Amino acid sequence: MSQAAKATPVVQRGSPAQAGRSQTRDALRRLRRDYMAVAATLFLVLVALVSILAPLLAPRDPIETNLSQRLVPIGTPGYPLGADELGRDILSRLIWGGRISLLVGFSAVMVAMTLGVIIGLLAGYFGRWADSLIMRFIDILLAFPAILLAITIVASLGPGLRNAMLAVAIVGIPYYARIVRGNVLSLREQEFVQAARVIGAPDARIIFRHILPNTLAPLIVAATLDVGWMIMAAAGLSFLGLGAQPPTAEWGVMLSTGRQFIRNALHLSILPGSAIFLVVLALNFLGDGLRDALDPRLRE
Amino acid sequence: MTRYVARRVLSLIPVLLGVTLLVFLVMKLAPGDPAQIMLGPKATETSLAQLRHELGLDQPIAVQYARWLGHVVQGDWGRSIQLKREVLPFILDRYRNSAYLMILAVLLACSVGIPTGIISAIRQYKLDDRVVMVIVLMGFSMPIFWLGIIMQIVFALKLGILPVSGMQSPGQTGLPDQILHLILPAVALATGATAIIARMTRSSMLEVIHQDYIRTARAKGLDERLTISRHALKNALIPVITVVGLQVGYLLGGDILIEIVFSYPGIGLTMVNGILARDFPLVQGAILLVASSYVLVNLAVDVAYAYLDPRIHYEH
């Protein structure tokens with residue numbers, strides 16, 4: 001799990017709308033000054049655009065085989081990044097693979113964050129037995145190394161891309177729940193929350209209008225860093241044969257099959273691995289930049 | 001301190017029970033009938049019913065869990081469907097192989113990560129610090145299984161200086177050969193952990209060197225090297241212990257992937273092969289062993305942390 005997910009939660013105190021807008025503007029200004037984060041964002045936007053436009057940009061069908069072009073190297077006419085063991089165009093497979101990897105990464109984070117936030121809010125706000133019960137369950141989930149828990153879940157649900165995505169999402173839930181619970185415990189004693197309670201605001205309003213917006217900063221940072229981790233974990237599960245299955249054009253699957261040809265077709269292993277590495281690196285640069293921008297104290 | 005340790009050990013019992021329950025339930029949810037898998041597709045209804053009865057699969061789930069837990073506590077972890085042998089001795093043997101790999105990886109990660117973090121902190125915002133931090137970020141952005149493959153290509157296939165996979169060369173039994181086989185997987189496994197340890201050491205060191213007592217040491221004219229090594233380092237390394245402990249979890253996970261890349265006969269390879277063959281007792285045993293050892297490592301880290309920083313158990 002990402003470091004940010006384990007980091008001490010950051011709390012933005014005070015919630016007037018004007019101050020909120022000003023803080024966001026300040027954070028964006030700080031982010032714009034971080035060249036690595038800006039470069040990472042541009043790269044990620046490019047990858048996202050290429051993935052969205054995959055049907056238009058990919059020169060060939062990613063699962064169309066052509067045995068006469070089997071294992072052709074990079075630079076072959078019609079196959080700019082070569083072809084795999086069944087003569088499938090690697091460039092097209094990388095483009096479609098990006099679509100799957102980004103979709104898995106972002107969807108898994110959304111699921112993990114949504115459920116984690118709900119659980120964290122319930123545990124932190126209502127406390128008592130709900131908190132004890134939820135936190136004991138989270139302790140049990142955290143007793144597993146992250147990838148082992150994902151493998152355990154896939155072992156139960158059966159191999160497949162959807163199950164792998166679900167598994168990495170479930171693994172992420174405890175980390176978000178912990179971040180939110182920690183923040184809620186500190187926020188519920190703040191004056192603005194007590195004031196809302198005194199004027200008779202219902203619990204749902206206090207939670208969603210006053211507490212949740214103040215836990216967003218650490219969540220955004222954790223989520224950005226987690227997308228990278230989840231892309232890597234899902235690719236890892238596919239690499240083990242537990243995630244996406246051949247002939248799906250997914251980076252982990254491509255790496256797993258490419259590995260069998262490292263003696264005579266290096267590009268089959270190097271290209272999909274490089275794609276995972278560059279996307280995860282960009283997400284980590286962006287996550288670091290966001291963390292520094294949202295809480296400049298950490299930079300010091 | 002003794003009371004703190006006793007309390008921590010006691011708090012492990014519900015967690016370990018929870019781990020066993022989760023592992024048991026997850027395997028129960030897995031599709032497929034264990035009796036059918038054991039007897040094959042040609043089994044008759046009568047023989048299936050008889051085996052289900054022998055295995056206790058016709059009992060309520062709570063009874064099945066209690067029976068299974070009773071056997072686990074007594075060292076009977078079941079029989080592997082695929083290997084037709086006792087699970088526990090087999091996975092302990094495989095776990096020992098993984099332990100060699102992980103111990104070497106932890107040693108590598110600490111011996112490179114901690115000095116790198118210290119140097120980076122001392123040279124904060126200088127060019128070398130920035131370069132090191134970019135390399136560190138690259139280190140933990142790199143998929144471990146891809147790094148393993150790249151290392152196989154470079155050091156085994158191109159340069160030919162290290163073995164490409166396995167734990168021993170055919171016909172060789174000596175320790176030097178085993179160590180040669182450990183180098184590539186251990187380095188690949190250690191890379192991510194090294195990066196995280198370096199980053200955490202840097203931030204912990206930065207926090208310490210901005211403290212008043214370090215300023216005092218400098219103000220009284222103490223040599224910078226002595227200030228860092230005698231005053232700053234000891235305190236800065238305390239949080240690093242927690243990070244090293246957390247990295248054991250990362251290594252246990254990464255180990256599974258690395259063992260597949262290097263065909264290393266450890267617990268990870270056993271587990272994944274077991275999942276693909278639907279060998280439930282073997283998978284259940286392997287997951288339980290790895291998760292339990294992670295819980296125990298975390299306990300050891302907590303105790304070490306409390307020993308080094310007495311504020312921890314006073315606060316508890």
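The model is predicted; local features require pLDDT of at least 70, side-chain atom pairs count only at pLDDT 80 or more, and totals for chains, interfaces and linings use all residues. Residues are numbered from 1 along each chain as its sequence is written, and chains are lettered from A and ligands numbered from 1 in the order in which they are written.

Chain B contains 13 helices and zero strands. Helices (H or I, at least four residues) and strands (E, at least two) are DSSP runs, numbered from the N terminus. The C-alpha trace of chain B spans about 85 × 55 × 35 Å along its principal axes. Of its 316 residues, 38% count as buried. A residue is buried if 20 or more other C-beta atoms lie within 10 Å of its own, exposed if 12 or fewer, and partly exposed in between, with C-beta atoms placed from the backbone. Among contacts in chain B with a separation of 6 or more, 72% join residues 24 or more positions apart. Two residues are in contact if their C-beta atoms, placed from the backbone, lie within 7 Å.

The contact between the chains takes 40 residues from chain B and 37 residues from chain A. On the side of chain B that touches chain A, at least two residues each come from H1 (2-29), H6 (127-141), H7 (144-158), H10 (224-261), H11 (267-276) and H12 (280-308). H1(B) gives the largest share, nine residues. This side of chain B divides into 35 nonpolar, five polar and no charged residues. Here Ala, Val, Leu, Ile, Met, Phe, Trp, Tyr, Cys and Pro count as nonpolar, Asp, Glu, Lys and Arg as charged, and the others, Gly among them, as polar.

H11(B) and H12(B) pack at an angle of about 145°, with their axes 8 Å apart. Axes are lines fitted to C-alpha atoms, for helices over the stretch in contact, and angles run from 0 to 180 degrees between N-to-C directions. Residues of H11(B) in this contact include B:Ile267, B:Met271 and B:Ile275, and those of H12(B) include B:Leu282, B:Ala286 and B:Val290. The contact of H11(B) with H12(B) comprises nine nonpolar, two polar and no charged residues. The loop between H11 and H12 of chain B holds B:Arg278. B:Arg278 has a positive phi of about 55° although it is not a glycine. It counts as partly exposed, with 18 C-beta neighbours inside 10 Å.

In chain A, the axes of H12(A) and H13(A) (residues 267-294) come within 8 Å and cross at roughly 155°. H12(A) is therefore roughly antiparallel to H13(A); angles under 35 degrees count as roughly parallel, over 145 as roughly antiparallel, 65 to 115 as roughly perpendicular and the rest as oblique. A:Trp251, A:Met254, A:Leu255 and A:Gly258 in H12(A) meet residues of H13(A), including A:Leu268 and A:Pro272.

Two loops of chain A have backbone features of note. A:Pro247 is found in the loop between H11 (216-239) and H12 (251-258) of chain A. The peptide bond from A:Pro246 to A:Pro247 is cis, with omega near 5°. A:Leu71 lies in the loop between H4 (54-57) and H5 (90-126) of chain A. A:Leu71 has a positive phi of about 55° although it is not a glycine.
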